[in-house]
Amino acid sequence: MLPNRSRLSVLVFLLPPLLLYGAAVLFPILQSLVLSFFSWNGISDMEFVGLANYVRMFTGDDIFWRSFFNALGYLAICLVLQLGGALLVASLLTSLSRGRELIKTLYLLPAVISTVAIAFLFVRIYSIDPVGLLNQVLQWIGLGALERPWLSDINTVLAAVSVPEGWRFTGLYMLILYAALLSVPLELEEAARLDGASRWQLFTKIRFPHIRPVWITTTIMATTYGLRGFDIPYLMTNGGPGQSSELLTTYMYKTAFTSTDFGYASTISVFIVVECLAAVGLILFMLKRKADA
Amino acid sequence: MTAQAAPITRPVMTSPDSPPPLRRRRKPSLYGTLSKVLIALIVIVQVYPLAWLFITSLRTEQDFATGDPFALPKSLTWDNYARAFETGNLGMNILNSFIVTMGANLLIVLLGMMAAYALQVLGFRFSKVVRGLFLIGIIVPVQIALVPLFIDYSTINLLDTYPSMIIPLAGFALPMSIYLFSSFFNYIPRETYEAASLDGAGPYRIFGLITLPLSVNTVVTVVLVNSIFIWNDFIFANTFVLSEELKTIPLGLQNYIGAMGKTDWTATFAAVCVTITPLLLVFLVLNKAMIQGLESGATKG
Amino acid sequence: MIKLFRTAAVAAVTALALAACGGGASNPSNVSPTGEIKPREISWLLSRPADGAVINIMKKLADDYAKDHPGFSLNLITTPDRPSYIQKLETLAAANKLPELFDTDATPFAQQLAKQGKMVDAEKLLKDLGVYDNYRPSALDYQRFDDGSLNMIPFQFELEFIWYNKALLQKAGVSVPKSLDDLPAMCTALRKAGITPIAIDGQDQWPLERYVAYQPFREAGPDFIQKLKKGEAKFSDPAGQKSVQWMEALGKAKCFQDGFSSQGYSDAQNQFTSGQAAMYNIGTWELPSLATDKLNPAVRDNTDFFTLPTTQGSVTAANEYVSPSGIGMAVNTKTYDPLVSDFLKFALVKYPSEYAATGALSPTTNVETAVPANATPLYKKALEKANDLGNEQAMPWDTQLDPTTNGRLQQELVLLVQGNITPEQFTSTMDNAVAQNAPKFFK
């Protein structure tokens, strides 16, 4: 704490951001919470229904549960791609002596392209009739048997819509992890190497523990962004075929704006908020405990 | 601000951004070669889509419709660009996106910095509660705010204005900005502040004279990261904007959709190429500063 | 903290309640308001192509009108992408901020707006302007709600045909189907010859939904969907079952291109115009690309079309099929005043001739559509079909069902055609969906 601060100065600095944030984020969330106890189609009168929306969500809605599990699968794939991929590239990059800056820049490029263009591109890549890039590559490397319409096959579509989302932001997380890896003290690594530690041991015993705090941050970032995923599945498949790639967010959006069931959509919103909070809590709990052990 | 200023403004704690050049120079090993190949492969995967987008924007419509979309085009044409400018109002869309992006960034940076300053440097009793409150914004999906915001806006007559887009965009980006600034402020040694305080500087002067000038890199980072999202934002713009004069780029791109969903894709891609160019240029020029800012925010966790 | 929360909660409810009530005090059937015409800017929220004929003509007419009425202007707010448009319309309606004019299909949502008196009675309006009798009855019928009331004004008139490639059909040794039931066998033959039978835009979902409407329309007539949407008829009824079984058969015969569910509008059309697919089901709005010299020369002379085939025992005739008049324009009661009335009078009288001059079918019969200079003979043939229509028309189901059921139907149809679910599963899921969702919309 700064010695010469006054209560007023704290308020001067804190109040404007809180006001904006309250108006744009907190207040609407509160309104959602209120709406979740009502039945409202947007144009007729609001009708108080108590917990009916919640009961319906948990007991009477097969699509809700389907999208919940889809969202978890989507999240898992995004995490593997974003965190695993980022960590891999970041580690590889530390062994490179030249061109790091260039690669870092190139790696970030997909983030600037709009999701509309990305969705369209990936639809082409996955296509089978006319043959898209992925199926063509499979043919070339002799895996022709795996060819399929990736976005129409109910077994592959969820993975297929997760990959572009994961791919887009790998660069961002890579940068963060790379910076963390560079901050690992050289002496520690040298000492371990002298003790005959293998590359893998070096990584698990020295490097990773050192970057754990950063790892926690990136995991939280990636998780919350993953749970917020919307554009790409919405644009590529609109949740289909069937409900195979429906996520909670796309389902909530459709409930609100296609079915005009604003009350129920708000109930799903509340669930998403709770789900995200729980996920973050869980991550903190698991990673903290591991660090203590 | 250019990237050259970067190293000076970075407080000396750890120095992740300038690794010793001799760090891992060893004779080329299998591992080294393998990782180079792997990196090259991954870079191709990352860059290819952008290249594809550009090449497609130069294809003739006929070639795009009938040819293999991944082969090199038989002939190149600028017609798509002509059509893109004819159909849409790209100049105005870009200007609007620029205004919205700048407006939102101004709020995000200024307010983010202020909040981080209050939380991290000034400190107060309930700072943990406030932090938690801001954390919610990182977590919740933006879609939930649409209906409530729309209703609120219509009661206070804010629909169809620049602020109607700027406010939620800034609001939802604020937590991440606060987080980045907080972790950066953490690097500024206590002693700096204490020395200034002893000289009689109050919290406002310290903010203006020490914190602000030191944060240039983080500002660049926050601005660039947010610009990426805001420049391409569709959902708020589509919900709150009604008049043609306020349409941002993603809404402008909709003009290429014809009857029943038929879309002029080559012109759309030409338009996409035009509209990401400003962003791309800024990005390429400032990316060094941005990377440094990101890294300095990250290493603390 | 708690106090702050409580205050906020109260404010939240108040804001929502404020938005929910309030509304039009005006009378929807008062179509000729009296008073002075005070020129101002009026807005039309619409979902039509930004550079299309409707928008261009209305812009021009508005400019002409403004010459005599300085201060008038027409602000056209278009969102061509339909899902985005619907979202916008709904949020505006929820906030009670609908503009003077707005587009909508005759959906259950629109019907609720009409019930609340938010849309001017279009039948009275058109009669008052003296143009009602010019309109094609089927163009108006398409816009009507179930109870026969008319609140939207059509600006288009389209006919949907199945376009086909003569050479490809010949190559597979098949001819134009005489009955809908011939279609699966036809697809099998085409597939054997290595040809994609039907190119379909699966991404936008309405094209596949057309198919599920065909069999019931032939088997039970236009009433089926009217009953089905309210839960009075079921997919488990004979007409419904016939449709379900037929859709499954289409899927089994691999009628649609592989991976159709993720292919877009342009992809599907390209498959047909590049000579890869034998058939393509689309309306006359595509005449400029299918019946002019813009069409790929390789398939131009081989292209023809047929109308929706009948079935044995069909209750509707061969000249009765899908003939939509496009999304309609509703007039907001709250903002309806002498100016809006006067402008509509001016525009609606002049619109048909301008529109017909662009080569499109006018929703009225008092003008002749101009055939463009670069048209193939098919263009005229297609236009002439408009003069030979029966009294019934097949309504697209996406404008009829309540939105939740509609969304579910679109999703389940893909699964059914892909063979991921059985007809029994489909039937029970859909009948449940109707039972659950219809009551809320059709009280």
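A residue is called buried here if 20 or more other C-beta atoms lie within 10 Å of its own, exposed if 12 or fewer do, and partly exposed in between, with the C-beta atoms placed from the backbone. The model is predicted, and local features need pLDDT of at least 70, side-chain atom pairs count only at pLDDT 80 or more, whereas totals for chains, interfaces and linings use all residues. Residues are numbered from 1 along each chain as its sequence is written, while chains are lettered from A and ligands numbered from 1 in the order in which they are written. Helices (H or I, at least four residues) and strands (E, at least two) are DSSP runs, numbered from the N terminus.

**View 1. Strand β5 of chain C and its two antiparallel partners.** β5(C) is mostly covered, since five of its six residues are buried. Four bridges join β5 (residues 160–165) of chain C to β8(C), and these two strands run antiparallel; N165(C) has T303(C) as its bridge partner in β8(C). Strand β7 (residues 277–283) of chain C is joined to β5(C) by five bridges, again in an antiparallel arrangement, and F161(C) is partnered there by I282(C). Two strands are taken to pair if DSSP finds at least two bridges between them. On this basis four strands of chain C form an open sheet of mixed pairing, in the order β6-β7-β5-β8. Its edge strands, each pairing on one side only, are β6 (196–199) and β8 (303–306) of chain C. Neighbouring strands of this sheet are turned by 25° against each other on average, direction ignored, where the axes are lines fitted to C-alpha atoms (for helices over the stretch in contact) and angles run from 0 to 180 degrees between N-to-C directions.

**View 2. The five-stranded open sheet of chain C**. The strand order is β2-β1-β3-β9-β4 (chain C), and the pairing is mixed. β2 and β4 (152–153) of chain C are the edge strands, each of them pairing on one side only. Two bridges connect β4(C) with strand β9 (residues 328–331) of chain C, and the two run antiparallel; within β9(C), A330(C) stands opposite M152(C).

**View 3. Helix α2 of chain C and its two sides.** The 16 residues of α2 (residues 53–68) of chain C should span 22 Å at 1.5 Å a residue, and the end C-alpha atoms are 23 Å apart, which agrees; the expected span is 1.5 Å times one less than the number of residues. The buried residues of α2(C) are A53(C), V54(C), I57(C), M58(C) and Y65(C). They cover an arc of only 110° around the axis, which puts them on the same side of α2(C), the arc being that of the directions from the helix axis to the C-beta atoms. An α-helix has 3.6 residues a turn, so residues three or four places apart point the same way. The buried residues of α2(C) pack against β2 (73–78) and α15 (338–357) of chain C, whereas on the other side K59(C), D63(C) and K67(C) are exposed. Contact means that the C-beta atoms of two residues, placed from the backbone, lie within 7 Å.

**View 4. The enclosed helix α12 of chain C**. Eight of the nine residues of α12 (residues 265–273) of chain C are buried, so this helix is largely enclosed by the rest of the structure. Those buried residues are Y265(C), D267(C), A268(C), Q269(C), N270(C), Q271(C), F272(C) and T273(C). Just after α12(C), G275(C) takes a positive phi of about 80°.

View 5. Chain B has 14 helices and zero strands, and of its 301 residues 50% count as buried. Among contacts in chain B between residues at least 6 apart in sequence, 80% join residues at least 24 apart. In the interface, 71 residues of chain B are in contact with 70 residues of chain A. The largest share of the side of chain B that touches chain A, 12 residues, comes from α2(B). By class, this side divides into 52 nonpolar, 15 polar and four charged residues, with Ala, Val, Leu, Ile, Met, Phe, Trp, Tyr, Cys and Pro counted as nonpolar, Asp, Glu, Lys and Arg as charged, and the others, Gly among them, as polar. The 33 residues of α5(B) should span 48 Å at 1.5 Å a residue, and its end C-alpha atoms are 45 Å apart, which agrees.
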